[in-house]
Amino acid sequence: MFASTTKVMVVDDFKTMRKIVINSLAGLGITNVVEAEDGADALPVIEKAAQDGAPFGLIISDWNMPKMQGIELLKKVRENPLLKNTPFLMVTAEAEQKNILEAVKVGVSNYIVKPFSPQIFQEKLTAVYKKHNP
């Protein structure tokens, strides 16, 4: 599982949803969290952290957001050599098969559909960790 010191970016346009994710992370002992309202706000922070040698160890992003959607953020992260291996969990209400397939094709680490239980959240995080730390 992710270390308690893991630096996490939580991206969602709804403050309430960010709080749910942050509280779920805190329940797992992970408290080094930075929030952003959408991909356009998150991307420069993620890029700067990587350039400064203090990269995020996990990105958790909503799909549907203004300015830059989660799928676009995922694409930008995967295109950047400094970021391409960053674990990326998509959290969304989008349960359509075509969206899941698109996210998998672009390189999402895992996918969780809202609403979710703390148990499902932990299972998905564990799967993301194992995928990136075989």
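**Labels and their cut-offs**

Tutor: In the protein chain, 65% of the contacts with a separation of 6 or more are between residues 24 or more positions apart, where contact means heavy atoms within 4.5 Å. This is a predicted model, in which local features need pLDDT of at least 70 and side-chain atom pairs count only at pLDDT 80 or more, while totals for chains, interfaces and linings use all residues. Residues are numbered from 1 along each chain as its sequence is written, and side-chain values use heavy atoms, leaving out hydrogens and water.

Student: What pattern does the protein chain follow along the sequence?
Tutor: The pattern is β-α-β-α-β-α-β-α-β-α, which comes to five helices and five strands. These are DSSP runs numbered from the N terminus (helices: H or I, at least four residues; strands: E, at least two).

Student: How do you know that the radius of gyration agrees with a compact globule?
Tutor: The rule is 2.2 Å times the number of residues to the power 0.38, with the radius taken over C-alpha atoms. For 134 residues a compact globule would have a value near 14 Å, and the protein chain has 13 Å, so the two agree.

Student: Why is aspartate 38 called buried, and why does lysine 67 count as exposed?
Tutor: Buried means under 20% relative accessible area, exposed over 50%, and partly exposed in between (1.4 Å probe, protein chains only). Aspartate 38 has 2%, so it is buried; lysine 67 has 68%, so it counts as exposed.

Student: What makes aspartate 38 and lysine 67 a salt bridge?
Tutor: The term asks for a side-chain nitrogen of Lys or Arg within 4 Å of a carboxyl oxygen of Asp or Glu. The closest N and O atoms of aspartate 38 and lysine 67 are 3.9 Å apart, so the pair forms a salt bridge. The pair links the loop between S2 and helix H2 to the loop between strand S3 and helix H3, 29 residues apart.

Student: Why do lysine 19 and glutamate 35 tie together separate parts of the chain?
Tutor: Their side chains meet in a salt bridge at 3.4 Å, N to O. Lysine 19 lies in helix H1 and glutamate 35 in strand S2, so the pair ties together parts 16 residues apart in sequence. Lysine 19 is partly exposed at 35%, and glutamate 35 is partly exposed at 32%.

Student: How many salt bridges does the count come to?
Tutor: The count is 10. Asp12, Asp62 and Lys114 are linked in a network of salt bridges.
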